Amino acid sequence: MGAGTIGIVGGGILGLAVGRELVRRRPGVRVVVLEKEARLAAHQTGHNSGVVHAGIYYRPGSLKAELCTRGRALLREYCAEHAIAYDACGKLVVAVDEAELPRFEALARTARENGVPGLRRLDAAAIREVEPHAAGLAALHSPHTAITDYVAVAEALAAEIVAAGGAVHLGAEVTSVDRVPGALEVGTATGRHRVDELVLCGGLQSDRLGRLVGGPATPRIVPFRGEYMAVAPAKQDLVRGMVYPVPDPAYPFLGVHFTRRVGGGLEVGPNAFLALSRDRYGRASVSPRDLADTVSYGGFWRFARRHWRTGVGELRGVLSRAAYMRVAQRYVPAIGPEDVTRAGLGLRAQAVEADGSLVDDFVIHRAHGVTAIRNAPSPAATSSLAIAEYVVDQLDARDA
């Protein structure tokens, strides 16, 4: 395992976790993190629900299942070591009608195969013991599902990199990567950096970065936006932890849920609708370049043709607070549209294949000195420290 210099593109939780793992495992290595924004954790890391997942949903044997289980344990330890808020408030996944029960039973089998700790199946009466104001026919209770502050985790990871002699450059958008004898030269908005190896953790820009280094043209990122509602203080205590719907396997990123935040308060969301920008958070934000990338991609239109009815349903929630909360009230009837206000908005990087299928598992490519994380949807934040181990294991295997 050599020292040298390793470049990390992306100052979200994944890039910083990889950088921290490198400085821990490779004494003398210099890590240079290049982040295009003026602050760390500016996108997906800083705009999610803050949930630490326990592994209920993910196909047994997949990278998601393996790394979520390992990542949750590592993250809990990391938060304890660094005095970062971590609250194992627990989660219910609730089936509210008979039609959902087959999917509910399949989910229960998946959760058991994944070894979700403390998992219990509840009937309607037991649901009310855990969440007195929740409604449903049956639920899975995951007492070890938690919430945390992922921005604080990212900042702690960055501090470790700097303390080990590394550097974190903000406002350093990568514009070119050139192969030079024995190294890679990375051009940014603020200067050039010569590195021995490069790790791409670009999130919403991951497909563009991959193409920049000669990687495969697909999968491509199609951005989705998710809006949150904040519950009024008078009703925040009606949910003790988290209340989730049974997911539809065809739409793994859909499903409005109730989630407590470690900083206080209760939120509902997010919904999911096509985003017209990859890095702007206004409700009417449009990036001509990002929109053109989406509508020029055949895979997007194949996806849209199959799922346009679902898209129309999500649009209703975007346009109408009453429609948004009509779905949420199936799970907690006492919280209605009059009890919420619009809160934050997040952007999700969804990788889509050329045939229109969604990429569900983590996708990590490595070639010619470049490791590219091409798809890292939820539970990527939960799994971040385990993904970092996985990436550095690959680097170590090459150098052995």
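Q: Which side chain does His 257 join through a polar contact of 3.5 Å?
A: That of Ser 49. Keep in mind that this is a predicted model.
Q: OK. And what does the His 257 side chain do with Tyr 244?
A: The two side chains make a polar contact, at 3.3 Å.
Q: Where is His 257 found?
A: In strand β16, which covers residues 257-260.
Q: Is His 257 buried or exposed?
A: Buried: its relative accessible area is 7%, and the cut-off for buried is under 20%.
Q: What is in contact with His 257, leaving aside neighbours within four places in sequence?
A: Ser 49 and Tyr 244 again, plus Val 243, Pro 245, Glu 267, Val 268, Gly 269 and Pro 270.
Q: Switching to Thr 188, which strand is that in?
A: Strand β11, residues 183-188. Thr 188 is buried, with 10% relative accessible area.
Q: Which backbone atom does the Thr 188 side chain reach?
A: The backbone nitrogen of Thr 190, at 3.1 Å.
Q: And what does Thr 188 touch, not counting residues up to four places away in sequence?
A: Leu 34, His 193 and the residues Ala 172, Glu 173, Val 174 and Thr 175.
Q: Last one, Gly 15: where is its place?
A: In helix α1, residues 13-25. Gly 15 counts as buried, at 1% relative accessibility. Not counting residues up to four places away in sequence, Gly 15 touches Ile 8, Gly 10 and Cys 201.
Q: What separates the C-alpha atoms of Gly 15 and Gly 344?
A: 24 Å, with the two glycines 329 residues apart along the chain.

Terms used:
Residues are numbered from 1 along each chain as its sequence is written. This is a predicted model: local features need pLDDT of at least 70, side-chain atom pairs count only at pLDDT 80 or more; totals for chains, interfaces and linings use all residues. Side-chain values use heavy atoms; hydrogens and water are left out. Helices (H or I, at least four residues) and strands (E, at least two) are DSSP runs, numbered from the N terminus. Buried means under 20% relative accessible area, exposed over 50%, partly exposed in between (1.4 Å probe, protein chains only). A polar contact is a pair of N or O atoms within 3.5 Å; within protein, one must be able to donate a hydrogen and the other to accept it, and residues adjacent in sequence count only if both atoms are side-chain atoms. Contact means heavy atoms within 4.5 Å.
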